[in-house]
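Subject: A structure for you, with notes

Hi,

Here is the structure I promised to pass on. Please open it beside this email and read the notes with it in view.

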Amino acid sequence: MTRFEPASAYVLPAQSATSAAPQRSTDEYRALDAAHHLHPFSDMGALNRAGSRVIVKAKGVYLWDSDGTKMIDGMAGLWCVNVGYGRKELAEAAYRQMQELPFYNTFFKTTHPPVIELSALLAELTPAPFKHFFYCNSGSEGNDTVLRIVHHYWATQGQRKKKYVISRKNGYHGSTIAGGTLGGMGYMHEQMLSQVEHIEHIDQPYYFGEAQPDETPEAFGLARARQLENKILELGAENVAAFIGEPFQGAGGVIFPPATYWPEIQRICRKYDILLVADEVIGGFGRTGEWFAHQHFGFEPDLITMAKGLTSGYVPMGAVGLHERIAHAIIDNGEFNHGLTYSGHPVAAAVAVANLKLLRDEKIVERVKHDTGPYFQQQLRETFAQHPLVGEIAGTGLVAGLQLAEVPRTRKRFANGGEVGTVCRDFCFNSGLVMRATGDRMLLSPPLVITRSEIDEIIAKAKGALDATAEQFGLAARA
Ligand code: PXG
């Protein structure tokens, strides 16, 4: 397979509706992929030279590639396959809905049963003040929608000056122009010559990487939260509309803030009359053992962004939940000029309903809270607390981040953190474990249906990979 080889003429592959056997050879797949497909967030030259891994099938918590290699998925796809792969209930919901009503819009005084059922179900599953939901296709569109709602809400309150939205460095809120600006990824901002106006960033609550040597987590959490207050005072509270944050940062490295952080953020938002937005795209739908991650951290947002676990990734869908106070301001004040062709798409909504019923009726979230989550966290800590490469184990429920460090005890990080993370990630892949690396943090976020023995398999494979990485960097023998 070479990079610039022209693709062979497209030929329909042999049909294989039921078997896991690849329909083309891996080389053929790779050549066509390199010839015609641009991947997200990828160095395409390097990827095409190496060749993509072709995933052809999945079941439960396992994936198979086109060479027949089986892997355990420690990332639930991309933080989204909460009910695991291969649930017929979701496929059947989509099939039935496509036959009954594959599409109708919700713009011109019309609605349809799936979006009605979904909204009523979300009102039951989200915390009490959330009774109204606006739909879109992704987390990014959810956060674009949040901006629109926030600005429109303040206009309805006669406070049009409230325009600024504050977010955090190393937060992730998507890849549309608004999502990318809201996020705090410098490498994204560098490629975005146009950004959304009136967005400001404060520092993240990343204790391991950014606290002073003698600072306690509690003091650091308060200090980082108080940056919000300083930013509000700098901009003028009368100009600040909202603060948005992921309850824990996912793509940024599963960064769990100290316990003092969110209560202080909440206090500051209330003091200055600033809306508080929880981006629950990763944290929502059971990841922490609560339905929503803000419940784990004990704060009360005004808006919730949702996607991923809403449909377990089987079809794309996002949503924004509005506190009744915000929803009524919008309901009572004329037209809200925002919407997408597929807002409340009937097939997506039908799949979301089937997915949420599985999470609720099979008590999957409760199991994460009381059984598999505590077991996962305990096994991680037993296995890695003394590991020569591991400086911090963050997480709760079925999400975790392992901080790799050159000197764990003093929180000294590797000068080139991404290198050690990539080596470790590759060792994981080679042993049949999908584990993500963000710089020098190794991330796990498996499907919520994972069993204890499957957790044991992840931990054993991760241990093998971390040991091999320590060996490669000459750190294995250190106590
Ligand atoms: N908010 C959060 C908190 C996210 O994690 C989005 C918004 C955007 O959602 P969409 O559906 O527009 O992608 C996300 C997405 C990674 C990774 O590498 C994480 C995401 C997406 C792609 C890659 O960890 N999260």
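First, some ground rules. This is a predicted model, in which local features need pLDDT of at least 70 and side-chain atom pairs count only at pLDDT 80 or more, while totals for chains, interfaces and linings use all residues. Residues are numbered from 1 along each chain as its sequence is written, and side-chain values use heavy atoms, with hydrogens and water left out.

**The sheet**

Helices (H or I, at least four residues) and strands (E, at least two) are DSSP runs, numbered from the N terminus. Two strands count as paired if DSSP finds at least two bridges between them. An open sheet of 7 strands runs in the order β4-β10-β9-β8-β7-β5-β6, and its pairing is mixed. β4 (130-136) and β6 (199-202) stand at the edges with a single partner strand each, so one side of each has no neighbour in the sheet. From one strand to the next, the twist averages 25°.

Ser-167 has His-201 in β6 as its bridge partner.

Now look at β8. 5 of the 5 residues of β8 are buried (under 20% relative accessible area, with exposed meaning over 50% and partly exposed in between, for a 1.4 Å probe and protein chains only). Leu-275, Val-277 and Asp-279 point one way from β8, and Leu-276 and Ala-278 the other way. β8 pairs with β7 in the parallel sense over 4 bridges, and Gly-245 stands opposite Ala-278. β8 also pairs with β9 in the parallel sense, over 3 bridges; there, Asp-279 has Thr-305 in β9 as its bridge partner.

**Helices on the sheet**

Axes here are lines fitted to C-alpha atoms, for helices over the stretch in contact (heavy atoms within 4.5 Å). Angles run from 0 to 180 degrees between N-to-C directions. Helix α11 (residues 261-272) lies across β5, β7 (240-245) and β8 (275-279), at about 165° to β7. Helix α13 (residues 324-331) also packs on the sheet, where it touches β4, β8, β9 (303-306) and β10 (318-323), and its direction makes about 95° with that of β10.

**Aromatic rings**

Rings of Phe, Tyr and Trp (its six-membered ring) pair if their centres lie within 6.5 Å; planes under 30 degrees apart are stacked, over 60 edge-to-face and the rest tilted. The structure holds 13 aromatic pairs. One of them joins Phe-134 and Phe-336, with centres 5.9 Å apart and planes at 75°, so the pair is edge-to-face. Phe-134 lies in strand β4 and Phe-336 in the loop between α13 and α14 (346-361), so this pair ties together parts 202 residues apart in sequence. Both Phe-134 and Phe-336 are buried.

Phe-414 and Phe-473 make a tilted pair, because their planes are at 55°, with centres 6.1 Å apart. Phe-414 is in the loop between β12 (399-404) and α16 (417-430), and Phe-473 in the segment after α17 (452-472), 59 residues apart. Phe-414 is buried at 13% relative accessible area, whereas Phe-473 counts as partly exposed at 26%.

Elsewhere, ring pairs link Phe-243, Tyr-261, Trp-262 and Phe-299 into a cluster.

Enjoy exploring!
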